[in-house]
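Please find below my notes on the model under review. They are arranged as numbered points.

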Amino acid sequence: MGELRQRYRPVWASGLVAGLVVVAAVCWLEHADRRAGPRPPVVAVLIRDDRVGPQVDLLADTGPWIGTLCVAAACWLAGKGHPAAVRLRTTGAAAVTSVALFATYCAWLARENPVKPWLVAEEAFRWGLMFIGPSAGLLTAAVVWTALGSGAGRLPYRSRTALAAAATTGGLFAVAIEVLRRSQPFQEPGYDVYWIMLTTGVPLVALLTGALVHVTATRSLRPVEAIRAELADITGQSLDRRVPVPPTDDVIARLATTANDTLDRLEQASARQQQFVADAAHELRSPLAALRAQLETSLRHPDRFADWPTAVAEAAADVVRLQKLADDLLLLASHRATAPPREQVDLAALAEDLVREYQYLPDATGLVVTCEAPAPALVDGNETRLERLLRNLLANACRHAESEVTVAVVSGDASVTLTVADDGPGIPPADRSRVFDRFTRLDASRTRTSGGAGLGLTIARDIATDHAGTLTVEGAARGALLVARFPEGRAPGRTTPSASAAPGRGPADTPADPQPEAVGRPVSRKRAAVLALALASALAVGLTAWVARDSRPGGESCGPDLSHDEYVSAEMSRLAYAKVEKIVGYRPDAGGGSGVQRVRLRVLHPLKGDVPTTLTLAVQVYVNPQGHYASLDPLYPVLAPGRAYVVGYDQDPAAAGGVGWTRYAKQEPASSLDRWRTYVSRGTAAPPRCTGA
């Protein structure tokens, strides 16, 4: 338990500090609001000053960075004992998560305070204690826990997948919310919904997505863990066990199938090795026992062995036989251990040389050994091993032949065929596959004088298989017929059949082989998937922005009819494109149900008349029971801080209380300025409407 607490200390430390930072900030705001005095009724007095304006500005400017520094420092200090790479990874994850959360919360405060300066501290305190603080701590702890993983230098697969999914989903959700917020006209209830979704929905969606992906990845990797556990329990004495194969046609099922195939081959190899060791011990035991008995008998009864040279000669023959057997065993065990150099070997010439050599060996005494090789036959392989194959086949044929042995080498059909035939007793059909097993000798050859060790054909078949060929026993009218087939090797400079098939064309006229076309570097599936995902995301965001642009009021699409004089007056003296900086205050009417809101704007582009740099305008609004500004007249909408509008106004100090009186206001994107300039220059009643409707 102590080890687990030490291991996950950065998780709970970063989450606790992230939650405490939010709680401390909202408690500070609530304390500043209480020090500002009691909150008067909204419709009773003019609210001229912010209650917690300086504190909100300070939080918006430095709050995210101070909070992030606290969380990162706590995570770094709590990670003492972990490798430096793990501490850097967890600290970076905690810093990125906390700065994103704190920046979103502080931006909400900065936007909310100009709209409802008398309620922002209370709302921040309530939301901070109920949701924002716990959610910030939980989300930060979850991200750090995922980034910590198992404490290794490299992040596990499940953690990488969960982090990528959570970051992608949260980022796309936040972008979608921001696009929708910018595309819709300003309405107070919808405005609150957007900020609730941004401060609450985005972290919750990211957390749930990351948790779901982590659980899914964990469940998906359970078959891999089962395969690993089963392989860990398999030993040399339990090679008959197999790993479980999941009932899914995916890469994990194919991995399990491949592992079982590998275990099958390993079990067969182990069985062959045990059988080989047993057969070798049995084959060596008999000649060694006979040699020992012969020598011990000669030593114990020297008077019975007057001819010592004969006894020593027989013992030497047995030693030579044992030496040959040991050489065959060594070759059989090591011929697959190393890959010999490959080259072009003329099998026809090699067969002719060996046949001429065998004609003068004692094994071929009384036999007619001939070779039929009318043309060169090239094979890709090792000359030494191919020579050993031919020697073993010739030795086997000479051992069983009565009068004649024939070797033939034929090239054709992209293959080279080597046949060795004798006129001996032959091989029964039932034994044609058994003769290639190790230490297998037919009954007719089980004599010490004529019988071999039973390894010659086994070695020959292994050499043929190593050269991508085959060695089989085929039927013959008389005697045995052994056939070896190899792929034909291409001679250097040989032309393709299609190039040399034209009649009357000499070698000089034969065109060279066409060079292969340059092939570009193949794109990996991982890189292609990342590129496809990025392209799809960019396309989705662009399409959403394009649709939102067309749905903006006053955009390029067909919006409401603005051609009436009651919407845009041609005699409007001043027209400007301005951005709302702050709501200065609110003055209720005598009845108390509505009032005049004073708003300060910064002019971005003057459109008509003498327009100052900064405007303070009055708008007729009312305050609903929830404390939100609202408007029932489309001529005088609610001006939201941070939004840009085309405003038409007149100087009317008497009616507006010393400020300009708003005559027209419409939220517009910057892309519609050209249309408004055209409207002003032509002196028409309204900007031109689209004609495609």
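1. How many disulfides does the structure hold? The structure holds 0 disulfides, a disulfide being a pair of cysteine sulfur atoms within 2.5 Å. C106 is buried, at a relative accessible area of 10%, whereas C371 is partly exposed at 26%; buried means under 20% relative accessible area, exposed over 50%, and partly exposed in between (1.4 Å probe, protein chains only).

2. This is a predicted model, in which local features need pLDDT of at least 70 and side-chain atom pairs count only at pLDDT 80 or more, while totals for chains, interfaces and linings use all residues. Residues are numbered from 1 along each chain as its sequence is written, and side-chain values use heavy atoms, with hydrogens and water left out.

3. The mean pLDDT (the predictor's confidence in each residue, from 0 to 100) of the protein is 75, and 72% of its residues reach 70 or more. Residues 549-568 stay under 50, and the model gives them 49 contacts (heavy atoms within 4.5 Å) beyond four places in sequence. Residues 685-693 also stay under 50, with 19 such contacts.

4. Helix α5 (residues 120-148) has a kink of about 60° centred on G128; the bend at a residue is the angle between axes fitted to the seven residues ending there and the seven starting there. Helices are DSSP runs (H or I, at least four residues), numbered from the N terminus. Just after α5, G149 adopts a positive phi of about 60°.

Definitions and conventions: Helix = DSSP H or I, 4+ residues; strand = E, 2+ residues; numbered from the N terminus.
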